[in-house]
Amino acid sequence: MSYNYLLCGVGGQGTVLAAKVLAQTAINMGNEVKTTETIGMAQRGGSVVSHVRVGKNIHSPLLPMHSADMIIGFEPSEVVRNLAYLKEDGVVVVNKKAVKPTTSSLSGSDYDGHEMLEYLKKCVKTLVIVDGDKICEECGSPKVLNVALLGAAAGTGHLSAGETELTEALLSKVKEQFKEMNLKALKLGMESR
């Protein structure tokens, strides 16, 4: 069995760490994993896309178009931008808060992500919209959004791993002082459906 996951967001949201936790989870479960990131001006709020492929006989870390079992989106417009990767019956988990791109700020245009979410509602059969801000507030840090979204992904039942497997991988990737906060974010994310 193979699984293809695409994680997308903007620089500084923790997309790469989330992909590493997802990959480590699969490795811990005895799977072969290939990953890669495409990062464009990430330090300036640019697009960040991580590909995570789990299974046998995977020759490239890049997902083919229309092959993602799940897209985990940290920002609505980034999901729309990468929607061509989703397979027909694929699942999208997306944070509802938009990050206003630099181009929108410079041009003075309004962007709040609402139109993107409405578009996703029309185009995606299984869509989970997560209130990441609420979860981050409950955990006391905006830096746990990535873990909250992983939790929400696991909560759909469409992730190849559950809470126990994600917890083990997560604890191996975060510093001791942040473990409790991240575990709380994972649990709240799983309950956010």
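Student: What percentage of the 193 residues in the protein chain is buried?

Tutor: Buried means under 20% relative accessible area, exposed over 50%, and partly exposed in between, with a 1.4 Å probe and protein chains only. In the protein chain, 47% of the 193 residues are buried. This is a predicted model, in which local features need pLDDT of at least 70 and side-chain atom pairs count only at pLDDT 80 or more, while totals for chains, interfaces and linings use all residues. Residues are numbered from 1 along each chain as its sequence is written, and side-chain values use heavy atoms, with hydrogens and water left out.

Student: Which residues have the most contacts inside the largest nonpolar core?

Tutor: A nonpolar core is a set of buried Ala, Val, Leu, Ile, Met, Phe, Trp, Tyr and Cys residues joined through side-chain atoms within 4.5 Å. The largest one here has 38 residues, and Tyr5, Leu7, Val52, Met70, Ile72, Val93 and Leu159 have the most contacts inside it. Helix 6 (residues 145-155) gives the most to this core, with eight residues. A second, separate core of 15 residues includes Val49, Leu63, Tyr85 and Val94.

Student: What does a search of the whole structure find in the way of aromatic pairs?

Tutor: A pair of aromatic rings is described by the distance of the centres and the angle of the planes. Rings of Phe, Tyr and Trp (its six-membered ring) pair if their centres lie within 6.5 Å; planes under 30 degrees apart count as stacked, over 60 as edge-to-face and the rest as tilted. The search finds one pair: Tyr3 and Tyr5 are stacked, at 6.2 Å centre to centre with 5 degrees between the planes. Tyr3 is partly exposed, at 24% relative accessibility, whereas Tyr5 is buried, at 1%.

Student: Which residues other than glycine have a positive phi?

Tutor: Most residues other than glycine have a negative phi. Among the residues with a positive value are Asn57, at about 55 degrees, and His66, near 60 degrees. Asn57 is found in the loop between strand 3 (47-54) and strand 4 (68-73), and His66 is also in the loop between strand 3 and strand 4. Asn57 counts as exposed at 63% relative accessibility, and His66 is exposed with a relative accessible area of 56%.

Key. Helices (H or I, at least four residues) and strands (E, at least two) are DSSP runs, numbered from the N terminus.
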